[in-house]
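Here are my notes on the model you asked about. Have it open while you go through the points.

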Amino acid sequence: MYPQSPLMGQMMNQPLLVSSILDFAARHYANSEIVSQRVEGDLHRYTFRDCQQRAKRLANALHGLGVRMGDRVATLAWNGYRHMEAYYGVSGSGAVLHTLNPRLHPDQLAYICNHAEDQYLLFDFCFLPLVEAFAPLCKGIKGFILFGAADRMPAETKIPNLLCYEDLINSHSPEYEWPLFDENSACTLCYTSGTTGNPKGALYSHRSTVLHAYGSAMPNALNVSSRDTVMPVVPMFHVNAWGLPYSVPLSGAKMVFPGPALDGKSVYELMEKEQVTFSAGVPTVWLGLINHALQNKLKFSSFRRTVIGGSACPPAMMSTLIDEFDVEVIHAWGMTEMSPLGTAGGLLTKHLDMSKEEQRKILQKQGHAIYGVDMKIADDDGKELPWDGVSYGHLLVKGPWIISRYFKGEGGDVLENGWFPTGDVATIDPDGFMQITDRSKDVIKSGGEWIGTIDLENVAMSHPAVMQAACIGVAHPKWDERPLLVVVLRPGQDLKREDLLAHFQGKVAKWWLPDDVVFADALPVGGTGKIQKNKLREQYRDYRLPTA
Ligand code: AMP
């Protein structure tokens with residue numbers, strides 16, 4: 001490890017454990033609320049103190065079931081208070097919370113559970129059929145715990161050893177001392193979406209999780225305070241809802257969980273009812289909310305700020321949120337391997353006198369590194385590139401909440417001289433603002449030069465008739481690859497290929513212009529709400545571009 005100084009500091013040596021976050025909220029913001037849209041259909045509300053008591057009951061219950069430090073306990077659930085109790089009851093007791101994505105195929109879920117060696121699985125009762133489908137493939141799971149009361153238990157089921165969560169925790173005491181242990185112990189396990197090969201596990205520690213919660217709550221990042229009401233729309237199975245189940249209690253804010261209802265109308269109504277001030281999610285979710293609000297001529301009475309990440313926030317979406325709804329947009333970037341937050345958007349003092357258009361260009365970048373994350377860009381030979389806002393290269397990162405290897409060493413040594421290669425291609429400007437031009441797998445290689453697809457998609461989506469756009473490289477006899485634009489129009493809109501291509505004139509270099517446009521009814525979307533370009537590439541693999 002690192003050498004020790006002959007003179008060590010004399011501060012209390014308390015390990016950074018996530019249990020301390022819930023204890024802090026329960027003691028110092030005891031009455032801050034957690035409101036949940038339940039799978040049962042109703043709205044549930046209680047306080048951080050109640051959450052702590054039930055998390056402790058769960059910790060006692062798990063101990064009774066034989067779960068010990070380091071054992072993996074999986075969840076398959078929407079965002080809600082019981083899931084929150086599992087976040088703390090499992091990890092706080094020293095076991096490892098493993099969140100599963102219910103949008104995955106049963107075979108993939110079985111692969112992940114077996115790879116993680118999960119011992120128990122806690123799940124929302126709406127996922128009963130899904131659990132029935134993959135439970136027989138997971139022989140290592142000792143028991144399945146249904147998030148619900150006795151009246152939700154099925155009369156008959158194929159699931160072996162099915163337990164009722166409410167009965168289980170109610171038969172255990174809330175008296176429980178969170179154990180103290182090494183802060184580097186594993187805390188949660190989250191698998192990457194695995195678009196190539198099998199999913200790989202990122203195993204976060206208590207230390208990395210607490211530091212990430214501190215770092216991400218700061219003003220230059222998500223800026224969460226005790227005066228906020230925060231709705232994590234991003235699922236708790238997508239990189240721990242970007243750390244909000246930790247950064248929100250640490251800030252003492254009120255939490256609102258949307259449960260399974262993620263359509264625009266449901267999200268809007270819950271936001272208004274609970275006076276949500278801040279939220280977080282991927283662009284596809286905001287698309288639904290914005291469409292609902294625009295179609296029904298609605299405004300937000302409390303919603304002031306949102307973080308958008310997971311894939312690039314289209315500038316048109318940012319403009320609508322800011323100009324039509326007065327909602328500040330924090331464009332953020334990160335990945336499963338980074339817990340996930342790496343950068344967050346915002347303006348520096350020197351930007352405040354700039355025109356609105358110039359400011360927008362800065363806000364549209366993926367943002368500035370937050371303390372804890374260092375980054376650099378490099379060429380194919382690993383040579384570092386300048387921060388001039390123009391040179392683009394492979395983005396590499398390092399920091400205490402970035403993985404050093406995948407769970408069980410999958411994929412071998414992943415670091416390059418101590419840096420984690422993100423697989424993204426980016427520029428960094430002299431002020432340190434990073435902009436993703438593409439995922440290296442998605443970049444279009446035309447005549448030896450690179451064409452970034454995000455720029456082309458953003459131009460397409462700035463056309464008023466376009467709702468969604470994805471750009472992919474298609475084989476070309478002369479240039480290797482050329483861009484094909486796949487577009488979904490807004491309902492009731494009609495647009496000709498030529499008119500959309502004319503919209504690109506003057507906005508991108510001539511040789512970047514898409515060679516063709518196809519109109520689709522929908523784009524394939526993956527388990528975390530991102531457009532699946534690998535599927536699109538597959539679909540259009542034999543597409544013949546016009547040769548003229
Ligand atoms: P995941 O681990 O599934 O969250 O995916 C991480 C990847 O999503 C990153 O490596 C990026 O390619 C992409 N991503 C995340 N946030 C953004 C963003 N704001 N803009 C563009 N791409 C993003």
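1. A word on classes before anything else: Ala, Val, Leu, Ile, Met, Phe, Trp, Tyr, Cys and Pro count as nonpolar, Asp, Glu, Lys and Arg as charged, and the others, Gly among them, as polar. On that basis, the shell around the ligand holds 4 nonpolar, 9 polar and 3 charged residues.

2. Some housekeeping: this is a predicted model, where local features need pLDDT of at least 70, side-chain atom pairs count only at pLDDT 80 or more, and totals for chains, interfaces and linings use all residues. Numbering starts from 1 along each chain as its sequence is written, and side-chain values use heavy atoms, with hydrogens and water left out.

3. Who sits around the ligand? There are 16 residues (a heavy atom within 4 Å), and A332, T336, D424, R439 and K530 come nearest.

4. Now the polar contacts (N or O pairs within 3.5 Å). A polar backbone atom of A332 is 2.7 Å from a ligand nitrogen, and a polar side-chain atom of Q366 is 2.9 Å from a nitrogen of the ligand. For T336, an N or O atom in the side chain lies 2.6 Å from a ligand oxygen. Taken alone, the ligand exposes 500 Å² (Shrake-Rupley, 1.4 Å probe), and the protein buries 90% of that.

5. Elsewhere, take a look at helices α7 (residues 206-217) and α9 (residues 244-251) (DSSP runs of H or I, at least four residues). T209, A213, Y214, S216 and A217 in α7 meet Y246, S247, L250 and S251 in α9 (heavy atoms within 4.5 Å). By class, that contact has 5 nonpolar, 4 polar and no charged residues.

Terms used
A polar contact is a pair of N or O atoms within 3.5 Å; within protein, one must be able to donate a hydrogen and the other to accept it, and residues adjacent in sequence count only if both atoms are side-chain atoms. Axes are lines fitted to C-alpha atoms, for helices over the stretch in contact, and angles run from 0 to 180 degrees between N-to-C directions. Helices (H or I, at least four residues) and strands (E, at least two) are DSSP runs, numbered from the N terminus.
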